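Student: Please take one part of this model and go through it closely. I would like the charged side-chain pairs, with distances and surroundings.

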Amino acid sequence: MLQNSDIKFMDQAIELARKGIGFVNPNPMVGALITKNDRILGMGYHEQYGGPHAEVNAFKNATEDVTGATLYVTLEPCNHFGKTPPCTQKIISEKIGRVVVATTDPNPKVNGKGIQQLRDAGIIVDILKNDIAKKATRLNEIYNFYIRTHQPFLAIKSAMTLDGKIATYRGQSRWITNEKSRANVHELRHQYAAIMVGVNTVIADDPSLTDRSDFKYKRHPLRVVVDSAGRTPLYAAVLDTEIAPTLLAVTEKASPKFIAAVEERGVEIMVCPEKDNKVDIRFLVNQLGKMNIDSILLEGGSTLNFSALEAGLVQKVYAFISPKLIGGKEAITPIGGKGYEKMEQAITLNISEIHRFDEDIMIEAYIIK
């Protein structure tokens, strides 16, 4: 039976789980809290991929005997050997009396089996079904999608003026948004396993596409450049693999000389099939999923953005909007390409949150499938 303190303690466990953001991909973020008589005995979270799970860290940090205690964990404990032993066995051996779980694990290897194993051992297991449970699910939206589909969770990030332009008619785009908005983009980069851009963005802006967030430890994502014909300048910042890894997605149109030159810089080349004279983005995204890339932040240009939308690969949109007007019928908008002919073909979104960064706003929205 659920207790009044369950929501309070689970909320704390979720905040613990957030500390693993960007460091545990493609595994989930998990937090754990051990209590007895409404006192916290131990806390832990999943700190890095391949490291001890949250429950194990909570037991390690416990300040006294946990026999008969309640364990709060944001995700169903695993019951199988992976990078680490099953957490269910550890919970049973520590003689925990009750386990409160925020959400079940969609991993087919778990998915209720961990809970059943605990119950078979005589441990009371309660599963939350409230706003806290939704919060825990949202925390691991990337993991939940990837474990079910084996396809990276892909989000478009765009920065535009109030009249919907991402650059002037001459292609100038620095800076549309303010410093606080740009700092938030680096926090997003920290969360995603890869950043994807088109070659035109590299040529126009020469971005480094690195994690320059305020997190204590940086985690530079894989930089993916979609460059069908091999036009990335050899001086481009993204080719400096001493800073962060880079993959160039090309087609057979890229010359062997170009491929040899960038491979000499330590850049990985992926030769993709063509679709509409461009890299087949669906093939590329699926291949990245096979490489354990669970998430992609698409910071590409308008053509690449439309290709991803048209292919049905986009799950989420981060739209930064600055209170500026630059006009120009030739100025680029966030979504280019051919576009859709009829309004009923338009992609619709569900706005989940609206953030303020001084005068800028950022709309966080999900594609409605």
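Tutor: Glu15 is partly exposed, at 38% relative accessibility (buried is under 20% relative accessible area, exposed over 50%, partly exposed in between, with a 1.4 Å probe and protein chains only). The model is predicted, so local features need pLDDT of at least 70 and side-chain atom pairs count only at pLDDT 80 or more, while totals for chains, interfaces and linings use all residues. Residues are numbered from 1 along each chain as its sequence is written, and side-chain values use heavy atoms, leaving out hydrogens and water.

Glu15 pairs with Lys135 in a salt bridge, with 3.6 Å between the closest N and O atoms (a side-chain nitrogen of Lys or Arg within 4 Å of a carboxyl oxygen of Asp or Glu). Glu15 belongs to helix α1 (residues 6–17) and Lys135 to helix α5 (residues 131–139), 120 residues apart; helices (H or I, at least four residues) and strands (E, at least two) are DSSP runs numbered from the N terminus. Lys135 is partly exposed at 27%.

Helix α5 also holds Arg138, whose side chain forms a salt bridge with Glu353 at 3.2 Å, N to O. Glu353 lies in strand β15 (residues 349–357), so the pair ties together parts 215 residues apart in sequence. Arg138 is partly exposed at 30%, and Glu353 is partly exposed at 32%.

Lys316 and Glu141, by contrast, are both buried. Their closest N and O atoms are 2.8 Å apart in a salt bridge, which links strand β14 (residues 314–322) to helix α6 (residues 141–149) across 175 residues. Through shared partners, salt bridges join Arg138, Glu141, Lys316, Glu353 and Glu364 into one network. The whole structure has 15 salt bridges.
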